[in-house]
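Here is a short briefing on one protein model. Please look over the sequence and the fold before reading on.

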Amino acid sequence: MRYTANARMYSVNSQTAFAWKELFGWLARVSGVNLDIVDHAFPLPLADLWSRCDLGCAFMCGFPFMLATQRLQPVVAPIPANAPVPGRPVYATRLLVRSDSEFQTIEDTFGGRLGYSVKDSHSGYNAVRHHLLPYYRRRGTELYRESIGPLTTPRRVINAIVAGDIDVGPLDSYALDLMMRHEPQLGSQVRIVATTEPAPIPFLVAAPGCPDDIVAKLQATLTSFAKASECAVLRDALCLDGFGPVEIGDYELMLRWDAEARSAGYVRPI
């Protein structure tokens with residue numbers, strides 16, 4: 001049987017899309033697992049990808065994973081080279097503004113237009129809401145005049161900021177690292193005004209029915225990626241130190257943040 005592989009969540013430009021395909025090609029050769037590397041680009045729903053019965057290796061955000069009634073099988077989690085906690089499979093949300101704006105802090109953006117990715121995204125929604133919750137509690141009212149979304153992808157968030165359609169927007173820190181690595185000109189277009197607390201990063205998953213031996217082969221091979229000499233160029237292109245085990249208990253944090261915001265009446269970030 002052949003199994004589907006996809007890295008849409010972190011294929012943020014043509015360079016990274018190519019690098020992920022190279023990584024999956026290496027994974028198939030070394031693990032012996034037959035992988036079909038499929039394209040599943042926006043506007044196709046990620047939920048359709050995650051529901052495939054032949055799914056072998058695709059990125060999934062921890063928030064929808066934890067909310068799902070039938071969970072997929074964790075494979076491994078990426079360890080970004082610039083992870084907010086070095087050597088750990090964690091990330092954060094960068095809150096970005098246009099580089100030529102007058103905003104210096106997140107408080108400066110209050111009263112403006114806040115963008116978000118999708119409602120079941122941790123980095124693009126849940127983490128933003130958690131970061132803004134203390135301000136909402138102090139003010140007891142909405143912080144922004146408008147909440148604009150779903151913008152869905154990191155690229156569309158960046159484009160909305162640069163075009164002036166939103167005043168501030170969230171970017172997964174690892175996705176931003178990848179974009180800056182291959183598109184350094186973005187550094188002159190956007191600027192970070194705040195960063196959320198770290199959280200466990202989106203990870204690679206397989207279908208619930210994927211055989212245990214297939215998952216084990218994928219895990220063992222991807223765990224070896226960090227020290228594979230033939231993967232040095234890929235590690236650089238993907239800003240990756242390697243892959244590590246998925247600790248599902250760590251992702252309970254996302255449900256706690258969601259419950260905390262909802263109990264305060266702060267259902268959506270605005």
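The points below cover a pocket, a threonine, aromatic pairs and a helix.

This is a predicted model. Its largest pocket holds about 850 Å³ of space. A search of the whole structure finds 12 aromatic pairs.

**The largest pocket**

- The lining of the largest pocket is made up of 43 residues.
- R8, M9, L46, T153 and P154 are the lining residues that lie nearest the pocket centre.
- At least two lining residues come from each of α1 (14-31), α2 (46-50), α4 (122-139), α5 (154-163), β10 (169-172) and α6 (173-182).
- Helix α1 gives the most to this lining, with 4 residues.
- Sorted by class, the lining has 27 nonpolar, 10 polar and 6 charged residues.

**T109**

- T109 sits in the loop between β7 (93-98) and β8 (113-115).
- T109 has a relative accessibility of 1%, and the cut-off for buried is under 20%, so T109 counts as buried.
- Its side chain makes a polar contact with the side chain of Y144, at 2.7 Å.
- Leaving aside residues up to four places away in sequence, T109 touches V97, F103, Y144 and V168.

**Aromatic pairs**

- The search of the whole structure gives 12 aromatic pairs.
- One of them joins Y136 and Y266 in a stacked arrangement, with 4.3 Å centre to centre and 15° between the planes.
- Y136 lies in helix α4 and Y266 in the segment after α9 (252-263), so this pair ties together parts that are 130 residues apart in sequence.
- Y136 is buried, with a relative accessible area of 15%.
- Y266 is also buried, at 2% relative accessibility.
- Elsewhere, ring pairs link Y10, W20, F24, F59 and Y174 into a cluster.

**Helix α6**

- Which residue caps the N-terminal end of α6? D172 does, with a side-chain oxygen 2.8 Å from the backbone nitrogen of Y174.
- Helix α6 is largely enclosed by the rest of the structure, because 8 of its 10 residues are buried.
- The buried residues of α6 are S173, Y174, A175, L176, D177, L178, M179 and H182.
- Y174 links several of these points: Y174 is a buried residue of α6, its backbone nitrogen faces the capping oxygen of D172 at 2.8 Å, and its ring belongs to the aromatic cluster.
- Helix α6 also supplies at least two residues of the lining of the largest pocket.

How values were computed: Residues are numbered from 1 along each chain as its sequence is written. This is a predicted model: local features need pLDDT of at least 70, side-chain atom pairs count only at pLDDT 80 or more; totals for chains, interfaces and linings use all residues. Side-chain values use heavy atoms; hydrogens and water are left out. On a 1 Å grid over the protein atoms alone, a cavity is a set of points where a 1.4 Å probe fits but cannot get out, and a pocket is an open set with protein on both sides within 12 Å along at least five of seven lines; lining residues have an atom within 4 Å of a point. Grid points are joined across faces, edges and corners, and a volume is the space filled by probe spheres set on the points. Ala, Val, Leu, Ile, Met, Phe, Trp, Tyr, Cys and Pro count as nonpolar, Asp, Glu, Lys and Arg as charged, and the others, Gly among them, as polar. Buried means under 20% relative accessible area, exposed over 50%, partly exposed in between (1.4 Å probe, protein chains only). A polar contact is a pair of N or O atoms within 3.5 Å; within protein, one must be able to donate a hydrogen and the other to accept it, and residues adjacent in sequence count only if both atoms are side-chain atoms. Contact means heavy atoms within 4.5 Å. Rings of Phe, Tyr and Trp (its six-membered ring) pair if their centres lie within 6.5 Å; planes under 30 degrees apart count as stacked, over 60 as edge-to-face and the rest as tilted.
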